[in-house]
Amino acid sequence: MVGSEEVVTSHAYPNGLIQSTNGSSVEEKIDELRRIFGKADGDPLRIVGVGAGAWGSVFVAMLQDAYGNLREKVQIRIWRRAGRDVDKATAEHLFEVINSREDVLRRLIRRCAYLKYVEARLGDRTLHADEILKDGFCSNMIDTPLCPLKVVTNLQEAVWDADIVINGLPSTETRDVFQEISRYWKERITVPVILSLAKGIEAELGPEPRIVTPTQMINKATGVPVENILYLGGPNIASEIYNREYANARICGAEKWRKALARFLRQPHFIVWDNGDLVTHEVMGGLKNVYAIGAGMVAALTNESATSKSVYFAHCTSEMIFITHLLAEGPEKLAGPLLADTYVTLLKGRNAWYGQKLAKGEINLEMGDSIKGKGMIQGVSAVKAFYELLSQSSLNIFHPDENKHVAPVELCPLLKTLYKILIMREVSSEAILQALRDETMNDPRDRIEIAQSHAIYRPSLLGQ
């Protein structure tokens with residue numbers, strides 16, 4: 001992968017700035033970005049997060065922690081919809097979290113905000129998700145207090161003059177929200193930069209089958225040029241990153257923006273590399289969510305059997321390798337990032353959690369794919385999109401064992417099974433184990449050999 005060559009070793013200074021051994025402070029990094037945007041003195045760079053799920057909130061909070069004291073140079077805020085109630089059980093848990101953290105407790109007392117959490121704990125008042133976000137609590141990640149954030153609930157107010165918009169929305173909401181945003185940008189003279197964190201895809205079946213990604217949705221909804229839209233992804237768990245666990249991420253898009261943004265976003269515990277292949281990385285970020293759901297099911301159904309989980313991992317990664325050969329001309333370049341992202345999602349991601357809870361009967365499909373306290377389970381819509389795309393006869397490939405052409409999905413038995421469980425609802429979660437234990441299941445190596453030995457690349461799937 002092509003990455004930034006900057007090596008940063010950081011030291012905290014009493015004034016709160018982070019100074020690196022190469023002499024680059026956070027103030028110098030914001031000055032570099034301001035120059036690229038052509039900002040005059042007294043005109044702050046305006047950064048707005050749109051959507052306040054776990055990762056979107058953490059991402060904006062990290063920027064606030066790093067740059068929030070430079071108010072004359074940068075303004076950071078986040079938009080989320082108003083009106084969502086915090087239920088009493090969550091309020092009670094939130095109260096416990098607050099009282100377990102002396103720093104958080106003192107902060108709320110200083111801000112004269114503690115009493116409302118006491119009242120909510122007693123059931124004497126109702127908290128709202130946007131209200132607690134201002135105090136540094138994400139409703140999808142109660143156990144990880146963040147820094148206080150500037151929260152705006154009016155979308156027009158939030159985005160109309162934004163220089164950088166961070167898309168923290170699920171892919172299923174991205175199109176609708178950015179279509180609304182486009183109405184507020186009609187009179188703009190300058191073009192904003194949009195950084196999307198969304199990991200999910202949709203399928204477009206006509207006139208040719210192809211994948212539609214969040215950055216493509218944004219481009220179509222707003223008319224913002226593709227070179228001003230970037231994607232950031234990586235093997236990241238939001239709560240762990242905010243707690244300063246070491247993490248990597250990759251920002252993808254046009255070189256003009258990605259190099260400077262990679263330096264701007266990089267922190268001692270959050271290393272950001274850069275790459276020009278936007279769409280392929282974005283699609284791979286959605287693909288791993290598909291198989292993470294199945295991994296959660298297998299873990300629950302086998303009582304965390306290491307053997308069963310490893311068998312599933314062998315088969316699911318072989319399907320992922322097969323699919324990457326359909327989508328990418330040089331799929332080998334994606335192996336590291338894709339496997340790393342898959343691994344962390346299987347270990348602790350919300351999609352694996354969802355699969356576990358389904359298999360245990362603790363949640364059901366009737367509850368939908370937006371789960372209170374977790375947010376949107378992106379893998380469900382991704383299962384539907386990948387299955388529908390790979391079922392198209394126009395994409396048929398030659399199957400050497402059967403000596404005939406078949407739709408690509410016929411070589412992806414786990415994907416087919418997940419579709420029957422989650423979308424068609426024809427079978428229960430146990431079907432994923434039946435698929436694994438089917439004596440006719442091919443050796444994963446066979447699927448990889450088909451992918452590597454046949455010209456199965458379909459550039460039209462990514463609109464290329």
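User: How is the chain divided up by the domain assignment?

Analyst: In this predicted model, the domain assignment gives domain 1 as 26-82 + 151-276, domain 2 as 88-127 and domain 3 as 284-462. The C-alpha centres of domain 1 and domain 2 lie 31 Å apart.

User: And what does UniProt list for residues 149-250?

Analyst: An unreviewed UniProt entry lists residues 149-250 as "domain: Glycerol-3-phosphate dehydrogenase NAD-dependent N-terminal". In the model that span is 32% helix and 25% strand, with its end C-alpha atoms 25 Å apart.

User: OK, what about residues 277-425?

Analyst: For residues 277-425 the unreviewed entry in UniProt has "domain: Glycerol-3-phosphate dehydrogenase NAD-dependent C-terminal". Here the chain is 63% helix and 7% strand, and the end C-alpha atoms are 36 Å apart.

User: Switching to rings, how many aromatic pairs are there?

Analyst: The count comes to 7 aromatic pairs. One of them joins Phe-37 and Trp-257, whose ring centres are 4.8 Å apart with 40° between the planes, a tilted arrangement. This pair links distant parts of the chain, since Phe-37 belongs to helix H1 (residues 26-37) and Trp-257 to helix H11 (residues 255-265), 220 residues apart.

User: Why is the Tyr-67 and Phe-264 pair called stacked?

Analyst: The rings of Tyr-67 and Phe-264 have their planes at 15° and their centres 4.3 Å apart, so the pair is stacked; the angle cut-off for that label is under 30 degrees. Tyr-67 lies in helix H2 (residues 54-67) and Phe-264 in helix H11, so this contact ties together parts that are 197 residues apart in sequence. Both Tyr-67 and Phe-264 are buried.

User: Which residues do ring pairs link into a cluster?

Analyst: Trp-55, Phe-59 and Phe-270 are linked into a cluster by ring pairs.

User: Where do Arg-188 and Lys-374 sit?

Analyst: Arg-188 lies over the face of Trp-185, 5.5 Å from the ring centre. For Lys-374, the charged end sits over the ring of Trp-353, at 5.0 Å from its centre.

User: How many cavities of 30 Å³ or more turn up in the whole structure?

Analyst: The search of the whole structure finds 1 cavity of 30 Å³ or more, and the largest cavity holds about 40 Å³ of space. Its lining consists of Ile-47, Phe-59, Leu-63, Ile-164, Ile-166, Leu-195, Leu-261, Phe-264 and Leu-265. The elements giving two or more residues to this lining are H2, strand E8 (164-167) and H11, and H11 gives the most, with 3 residues. Two of the lining residues have come up already, as Phe-264 is the stacking partner of Tyr-67 and Phe-59 belongs to the ring cluster.

User: And the second largest pocket, which residues lie nearest its centre?

Analyst: Glu-410, Pro-413, Asp-438, Thr-440 and Met-441 lie nearest the centre of the second largest pocket, which is lined by 21 residues and has about 460 Å³ of space.

User: Which helices supply at least two residues of that lining?

Analyst: Helix H17 (413-422), helix H18 (431-437) and helix H19 (444-453) each supply at least two residues, with the largest share, 4 residues, coming from H17.

How values were computed:
Residues are numbered from 1 along each chain as its sequence is written. This is a predicted model: local features need pLDDT of at least 70, side-chain atom pairs count only at pLDDT 80 or more; totals for chains, interfaces and linings use all residues. Side-chain values use heavy atoms; hydrogens and water are left out. Rings of Phe, Tyr and Trp (its six-membered ring) pair if their centres lie within 6.5 Å; planes under 30 degrees apart count as stacked, over 60 as edge-to-face and the rest as tilted. Buried means under 20% relative accessible area, exposed over 50%, partly exposed in between (1.4 Å probe, protein chains only). A charge sits over a ring if NZ of Lys or CZ of Arg is within 6 Å of the ring centre and within 35 degrees of the ring normal. UniProt positions are given in the numbering used here, feature names are shortened, and annotations may be inferred rather than shown by experiment. Domain bounds come from an automatic or database domain assignment. On a 1 Å grid over the protein atoms alone, a cavity is a set of points where a 1.4 Å probe fits but cannot get out, and a pocket is an open set with protein on both sides within 12 Å along at least five of seven lines; lining residues have an atom within 4 Å of a point. Grid points are joined across faces, edges and corners, and a volume is the space filled by probe spheres set on the points.
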